[in-house]
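Hello,

Here is the structure you will be working with. Please open it and keep it in view while you read the notes below.

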Amino acid sequence: MTGAVVTRRPVEKKLGLATRDAYGQALAELGKKNSKIVVLDADLSSSTRTSAFAKLFPERFFNVGIAEANMVGLAGGLASSGKIPFISSFACFLVCKGYDQLRMAVALPKLNVKVVTSHGGISVGEDGSSQQSIEDVALMSSLPNFTVIVPSDEHSTRALVTEAGGTEGPVYIRTGRPKAPVIHGPSTPVKMGKGILVRSGSDVTLAANGLLVWEALLAAEQLQKEGVSAAVVDMHTIKPLDESLLVSQAEATGAFVVAEEHSVWGGLGSAVSQALSRLHPVPVEFVGIQDTYAESGQPEELFKKYGLTAADIAQAARRAVKRKKK
Amino acid sequence: MRKEVIRMLEKSASGHPGGSLSAADIVTSLYFNVMRYDPKNPHWEDRDRFVLSKGHGCPILYAAMAKAGYFPQEWLSTLRKTGSPLQGHPDQRFIPALEASTGSLGQGLSVSCGIALAGVMDKKDYRTYCLMSDGETEEGQTWEAVAFAGFHKLDRLIAIVDYNKFQLDGALKDILDMEPFKAKWESFRWHVQEVDGHSIPQVLQAIEQAKAHKGQPHLIIAHTVKGKGVSFMENNNYFHGVAPTSEEAQAALKELDGDPSLSQALIAAGKVKKGSK
């Protein structure tokens, strides 16, 4: 458990930067401090926000063209030559089109490549299912040697991108398109591999990442009105998973909901339930995309339609608590 | 070198003789006449880099690295055995001196471009040599990398295609003919030469010409014979991915020593299996 502030006060929605914007800022700052950082983008730099780095360091930025597979291979070659490549595109394109390359040229030789994608999940919105990545966490988690992270807000994104830049080895970070509600205070410690207890509670733990951390906080408020005390944990790092925090929360609350903007197959839910079933079995319910592709629409509407809202998390929490009482 | 390949594959009882033998003269040229390296300091930052994009041809690379002093000659007899550093396809976890882990075709040129690009950024004068198979140019990623290198004028990158005209299931011309091959690369802004890939003087001369030519990446199309040096393996695609039996290995070794009698006897006895044409 980290020393995060644990709050019970009503949550106030304050929109911060999109996590992709926070990535762009953090990357530019990293570039100032470390001349080994090289950034590659497959022609989406204005969307992934690597454009901020490109403006400051044009000699260390390459738009490789619409060629993700080659981009990953280039990163492998750069990393083996001592550079620290950050490579970016939309999550679906980089991970799916570059997957064999991520496997062979990055994961297997354990090279110092940072893969930071934008447009994770269905909050991409109107562009529709071809642009909405719901599989990337599953795919990246199954690659040995990769750390896999889905940050929830601007502060944690900045902290995690900065830490990744200074940590040897392959790291995957998924950012999102829309503005993200502020979850963490500017002084909250955020470390790779360490979950953050955002709100304490005694009846159920809501473990979430990305935009679903905010929804989980709203759900906890709803549940509190019903007399259910819900803890909220920001599990930004899927791999390596903070098992000790999961166990302490399982001991403290005896039930879990895992919520993520990803397929229920192979994401945070799978990782958490695998850990809990081994270490401290408790009822676990899952909020995520139910083995389907989504569609075009406004992100809020899509969250409702595909079951990713606070109401869905609260409903899942009621189910988990009920199972516990049996 | 060819004899090492035969001995290694006989012991491992699996592996790819054909493409190792076709690449033998190219790899020999690079390791013993061209490249700058120090086996005692394998990560020397000014070394020339060699990427074996056609990872299945690794027996010939291992033979060269052992002869160059990267590891003991005795390792060669452990090829493909559990616990051996000599993996079935090159794996940097086991031999950190390798420049890339390969075996999924079509990727080595991208990695080579990354290495060459780092050299440009760091104003280094090392060269990056990428040995590719003809078959792997059927992979789309190859052409992403070809376009990248041409556009970025990576003139310290020298790719060599071991053009032995065969892939696993048969001849390129019957499966996915990449001709006109030279013109394709030239249209992607590469400087292209064609040589007899079994003539070491021709290979060396082409590399010298590539070094002298600035402003473009270089391709050397090395026309080769799959299985070169062992008559019953030459252009016999059975030996793409099947190791020789001990009888075959004995005949091959004798032939490589200048006495083809055992090979001729095998052929005459109808004992040589034939692959797809």
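The notes below cover the contact between the chains, the nonpolar core, and a few backbone features.

Please bear in mind that this is a predicted model.

Start with the place where the two chains meet. On one side are 20 residues of chain A, and they are in contact with 19 residues of chain B. Two helices of chain A, helix 4 (68–80) and helix 6 (99–107), each supply at least two residues of the side that touches chain B. Helix 4 of chain A gives the largest share of that side, 9 residues. By residue kind, the side of chain A that touches chain B divides into 10 nonpolar, 8 polar and 2 charged residues.

Next, the core. The largest nonpolar core has 194 residues. Which of its residues touch the most other members? They are A:Leu206, A:Ala216, A:Phe256, A:Val257, A:Ile313 and A:Ala317. Leaving aside residues up to four places away in sequence, A:Leu206 touches A:Ala216, A:Ala219, A:Ala220, A:Ala230, A:Ala231, A:Val232, A:Val257, A:Ala259, A:Ile313 and A:Ala317.

Now the backbone. Most peptide bonds are trans, and most residues other than glycine have a negative phi. The following places are listed with that in mind.

Cis peptide bonds:
- In chain A, the bond from A:Lys239 to A:Pro240 is cis, with omega near 0°. A:Pro240 sits in the loop between strand 12 (237–239) and helix 10 (243–253) of chain A.
- In chain B, a cis peptide bond joins B:Glu179 and B:Pro180, and omega is about 0°. The loop that holds B:Pro180 runs between helix 7 (172–175) and helix 8 (181–187) of chain B.

Positive phi in residues other than glycine:
- B:Arg80 has a phi near 70°. B:Arg80 is in the loop between helix 4 (58–68) and helix 5 (108–121) of chain B.
- B:Asn235 has a phi near 55°. B:Asn235 is in the loop between strand 7 (218–223) and helix 10 (246–256) of chain B.

Why do B:Arg80 and B:Asn235 count as partly exposed? B:Arg80 counts as partly exposed because it has 19 C-beta neighbours inside 10 Å, and a residue is buried if it has 20 or more. B:Asn235 counts as partly exposed because it has 18 C-beta neighbours inside 10 Å.

Regards

Methods
Residues numbered from 1 in each chain as written. Chains lettered and ligands numbered in written order. Predicted model: local features only at pLDDT ≥ 70, side-chain atom pairs only at ≥ 80, totals over all residues. Contact = placed C-beta atoms within 7 Å. Helix = DSSP H or I, 4+ residues; strand = E, 2+ residues; numbered from the N terminus. Nonpolar A, V, L, I, M, F, W, Y, C, P; charged D, E, K, R; others polar. Core = buried A, V, L, I, M, F, W, Y, C linked by C-beta atoms within 7 Å. Buried ≥ 20, exposed ≤ 12 C-beta atoms within 10 Å, placed from the backbone.
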